[in-house]
Amino acid sequence: MSAIVTKDLKSMDLETMNGLLRGEISAVETYEQAITKFNQESFQNASSELSRIRNEHSQASGALRQQVISQGGTPSDGAGLWGIFANTVAGAAKILGPQTALGALKQGEQHGLDAYEKAASNPEISEPCRTLIRDELMPRCHEHLLALERINSQL
């Protein structure tokens, strides 16, 4: 009986971690587009901050990828459907202006935070996965939202 429970728990972890990984991959791609916009608009300080956030999303991707591998799974290698939507929104925001781009980034960060909160509160997710989410990934999302607010207030 415990082998079935362990398998189900492992399957839930892999599914959840890969879903979160796809979100992080999407975030990296979306920030790449926004950075291009801010470079074109000569907002160097904003561009530097967005680059830092993009790098943190890349690090989060690595941590999630490692978590999937450590459980014997195959990590997702693309952003999936959310990535298509996020890139479409970011692309439109790129055309419309910096504040629209920041709004799209904030929306993406909030979506990511909501996904992390849902996973962290799911009792079917293993404690190592929930710890990674609670201690590393969620605090970064909170900080990213604050950073985007700071950037927006400086425009």
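This is a predicted model: local features need pLDDT of at least 70, side-chain atom pairs count only at pLDDT 80 or more; totals for chains, interfaces and linings use all residues.

Reader: Why is Pro98 called buried?

Author: A residue is called buried when its relative accessible area is under 20%. Pro98 has a relative accessible area of 16%, and therefore counts as buried. This residue is found in helix H4.

Reader: What makes Leu146 count as exposed?

Author: The term exposed requires a relative accessible area over 50%. Leu146 has a relative accessibility of 53%, so Leu146 counts as exposed. Leu146 is found in helix H5, which covers residues 127-154.

Reader: Why is Glu136 placed in the class called partly exposed?

Author: That class lies between the two limits, under 20% for buried and over 50% for exposed. Glu136 has 37% relative accessibility, so Glu136 counts as partly exposed. Glu136 is also found in helix H5. Its C-alpha atom is separated by 9.5 Å from that of Ala63, and these residues are 73 residues apart along the chain.

Reader: How much of the protein is buried?

Author: Buried residues make up 43% of the 155 residues in the protein.

Reader: What is the pattern of the protein, read along the sequence?

Author: The pattern is α-α-α-α-α. The protein has five helices and zero strands.

Reader: How do you know that the length of H2 agrees with that of a helix?

Author: The expected span is 1.5 Å times one less than the number of residues. For the 27 residues of H2 this gives 39 Å, and the end C-alpha atoms are 39 Å apart, so the two values agree. H2 is followed by Gly72, whose phi is positive, near 85 degrees.

Reader: How is the packing of two helices described?

Author: Two packed helices are described by the angle between their axes and the distance between the axes.

Reader: Why are H2 and H4 called roughly parallel?

Author: Angles under 35 degrees count as roughly parallel. H2 (residues 44-70) and H4 (residues 98-120) pack at an angle of about 25 degrees, with their axes 14 Å apart. H2 and H4 are therefore roughly parallel to each other. Their crossing is left-handed. In this contact, Leu50, Ile53, His57 and Leu64 of H2 meet Leu102, Leu105, Glu109 and Tyr116 of H4. By class, the residues of the contact divide into six nonpolar, one polar and one charged.

Reader: What makes H4 roughly antiparallel to H5?

Author: The term roughly antiparallel applies to angles over 145 degrees. The axes of H4 and H5 cross at roughly 160 degrees and come within 9 Å. H4 is therefore roughly antiparallel to H5. The crossing of H4 and H5 is left-handed. Their contact has 13 nonpolar, six polar and six charged residues.

Reader: Why is H2 also described as roughly antiparallel to H5?

Author: The limit of 145 degrees applies here too. H2 and H5 pack at an angle of about 170 degrees, and their axes are 11 Å apart. H2 is therefore roughly antiparallel to H5. The crossing of H2 and H5 is left-handed. Among the residues that meet are Ala46, Glu49 and Leu50 in H2, and Pro128, Cys129 and Leu132 in H5. The residues of this contact divide into 13 nonpolar, four polar and six charged.

Reader: Where is Asn122, and which residues does Asn122 touch?

Author: Asn122 lies in the loop between H4 and H5. Not counting residues up to four places away in sequence, Asn122 touches Met12 and Arg130. Asn122 and Met12 are 110 residues apart in sequence, and their C-alpha atoms are 9.9 Å apart in space.

Note on methods: Residues are numbered from 1 along each chain as its sequence is written. Side-chain values use heavy atoms; hydrogens and water are left out. Axes are lines fitted to C-alpha atoms, for helices over the stretch in contact, and angles run from 0 to 180 degrees between N-to-C directions. Helices (H or I, at least four residues) and strands (E, at least two) are DSSP runs, numbered from the N terminus. Angles under 35 degrees count as roughly parallel, over 145 as roughly antiparallel, 65 to 115 as roughly perpendicular and the rest as oblique. A crossing is left-handed if the near helix is turned anticlockwise from the far one by less than a right angle, and right-handed if clockwise. Contact means heavy atoms within 4.5 Å. Ala, Val, Leu, Ile, Met, Phe, Trp, Tyr, Cys and Pro count as nonpolar, Asp, Glu, Lys and Arg as charged, and the others, Gly among them, as polar. Buried means under 20% relative accessible area, exposed over 50%, partly exposed in between (1.4 Å probe, protein chains only).
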